[in-house]
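Let us walk through this structure step by step. Keep the sequence beside you as you read.

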Amino acid sequence: MAAPVDDMFSRCVDPAKASNCVEVRFIDNVKGKGLFAKRSFKKGDTIFIEQPLVSSQFLWNALYKYRACEYCLRALETAEENARRLSGLPALSLPHPELCKVRPDRHQACPQCQVMYCGTECRQAAWEQYHKVLCLGPSHDDPDHPVNKLQDAWKSVHFPPETSSIMIMARMVATIKQAQDKGRWQRLFNHFCSRTANEEEEIVHKLLGEKFQGQLALLRNLFSTALYEDRLTQWFSPEGFRSLFSLVGTNGQGIGTSSLSQWVHACDALELPSQQREQLDAFIDQLYKDIDKETGDFLNCEGSGLFLLQSSCNHSCVPNAEASFPDNNFLLHLSALSDISPGEEICISYLDCCQRDRSRHSRHKILRDNYLFICSCQKCMSQMDDADMTSEDEEEVEGEGETEGDDGEDEMTDV
């Protein structure tokens, strides 16, 4: 059963404002529903701000010392601590430290299991929603505790770069276990799209690899041991667990938070004399070079969440909106990338900027492999007559004959 329309706006920071700005409509049996503007938006406007139903930091990300609030994923390191760790320069000092918004003096640990929160509000919110069930107490570091065994099993089958977490599913179950109105939470979770059995198998295969059948059975057994709930028997059966796994795999929205990034944006907004501006910009440029050399691309606290209203946004290869997390926590800001007229569908892109610039065939392959649909956006329709070859194939054809006798061709792989 789909969530009632009023429920769709229930996690927005301002539900009444959001419901006056956008609406969810059924489009057709292929695309399902979509999000549409009820008023005009200018480029750069915030369309709505939404909190996830549940979210979780990725397990490997946490293991590699990316410290985040257990509830809202706010980065817990100060910008300077973050820069020192990522750059490998323990004596590094950041200019303008007052621009860092992290407040370590407000951080609080769960008194039972010692997991960390950015403040009292998040600790209380987690306790009231799901942490009573998931709190491990003094068994937090016990490798034989069922929840720890479940997390270790997940880490053994899903490696960086991470795209999902078994703890999203755990928090869904714990939320319903704790809720007074269990039916409402089930209705909210049931809103997310269902898939056919074949599609679910493809998604699980994508997340777990070639041995997915055995790995899925192992995870289900551990999940049941840790969290079984009579009211949710359908989620613990082999078919139901696969459906739940598929739901999280396809609907989870990536979340990235960074105290350093927030500090850099604050530095960019400073009004400084030209010489000081040049010095600060040069310092930041060098810092990112040092980080790239030491750490590479993994800069953020990373996780994922289930966002009720945002999940109604369909994909377009020419999106008119994008999701971001400028508050350094799990609050999703959906913003307009271009002017949007009343009645126009609001679309995001499931592809990054580089992927969107690739050939139609390449884009379709990525979307088919990862999201199991064929895009029919305006850009794709306008390129229907293009040759059915990936961007790498095109580059190979263009390069033929340019370097005669060169046997060292790069291996072509679609990402």
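Helices (H or I, at least four residues) and strands (E, at least two) are DSSP runs, numbered from the N terminus. This is a predicted model: local features need pLDDT of at least 70, side-chain atom pairs count only at pLDDT 80 or more, and totals for chains, interfaces and linings use all residues. Residues are numbered from 1 along each chain as its sequence is written, and side-chain values use heavy atoms, with hydrogens and water left out.

Start with helix α14, residues 274-294. This helix has 21 residues. From its first C-alpha to its last, α14 reaches 30 Å, close to the 30 Å expected at 1.5 Å a residue. The expected span of a helix is 1.5 Å times one less than its number of residues.

Which residues of α14 are buried? They are R277, L280, I284, L287 and I291. Buried means under 20% relative accessible area, exposed means over 50%, and partly exposed lies in between (1.4 Å probe, protein chains only). An α-helix has 3.6 residues a turn, so residues three or four places apart point the same way.

Now look at the face of α14 turned away from its buried side. There you find the exposed residues S274, Q275, E278, Q279, K289 and K293. What covers the buried residues? The cover includes α4 and α13 (259-268). Contact means heavy atoms within 4.5 Å. Just after α14 comes G296, which takes a positive phi of about 85 degrees.

Move to α6, which spans 146-157. It has 12 residues. Its first and last C-alpha atoms are 17 Å apart, close to the 16 Å expected at 1.5 Å a residue. In α6, the buried residues are V147, N148, L150, Q151, A153, W154, K155 and V157. Follow the chain into the loop between α6 and α7, where P161 has its place. A cis peptide bond joins P160 and P161, with omega about 0 degrees.

Next come the charged pairs. Side chains of opposite charge can pair when their charged atoms come close. A salt bridge is a side-chain nitrogen of Lys or Arg within 4 Å of a carboxyl oxygen of Asp or Glu. How many salt bridges does a search of the whole structure find? It finds eight.

One of them joins E70 to R171, with the closest N and O atoms 2.9 Å apart. This pair links distant parts of the chain, 101 residues apart. E70 lies in the loop between α3 (59-63) and α4 (79-87), while R171 lies in helix α7 (residues 166-178). Is R171 buried or exposed? R171 is buried, because its relative accessible area is 6%. E70 is partly exposed, at 27% relative accessibility.

R85 forms a salt bridge with E77, and the closest N and O atoms are 2.8 Å apart. R85 is partly exposed, at 25%. E77 is buried, at 7%.

R84 pairs with E80 in another salt bridge, where the closest N and O atoms are 3.2 Å apart. Both residues belong to helix α4. They are four residues apart, so about one helical turn separates them. R84 is partly exposed, with a relative accessible area of 28%. E80 is partly exposed too, at 24%.

Q114 has a phi near 75 degrees, a positive value in a residue other than glycine. Find Q114 in the loop between β5 (108-109) and β6 (116-117). At 48% relative accessibility, Q114 is partly exposed. N328 also has a positive phi, near 60 degrees, and is not a glycine. N328 sits in the loop between β10 (321-324) and β11 (332-336). N328 is buried, at 3%.

Finish at C347, in strand β12 (residues 345-348). C347 counts as buried, at 10% relative accessibility. C347 and C313 are 34 residues apart in sequence, yet 5.4 Å apart in space, C-alpha to C-alpha. Leaving aside neighbours within four places in sequence, C347 is in contact with N314, H315, S316, P319, N320 and A321.
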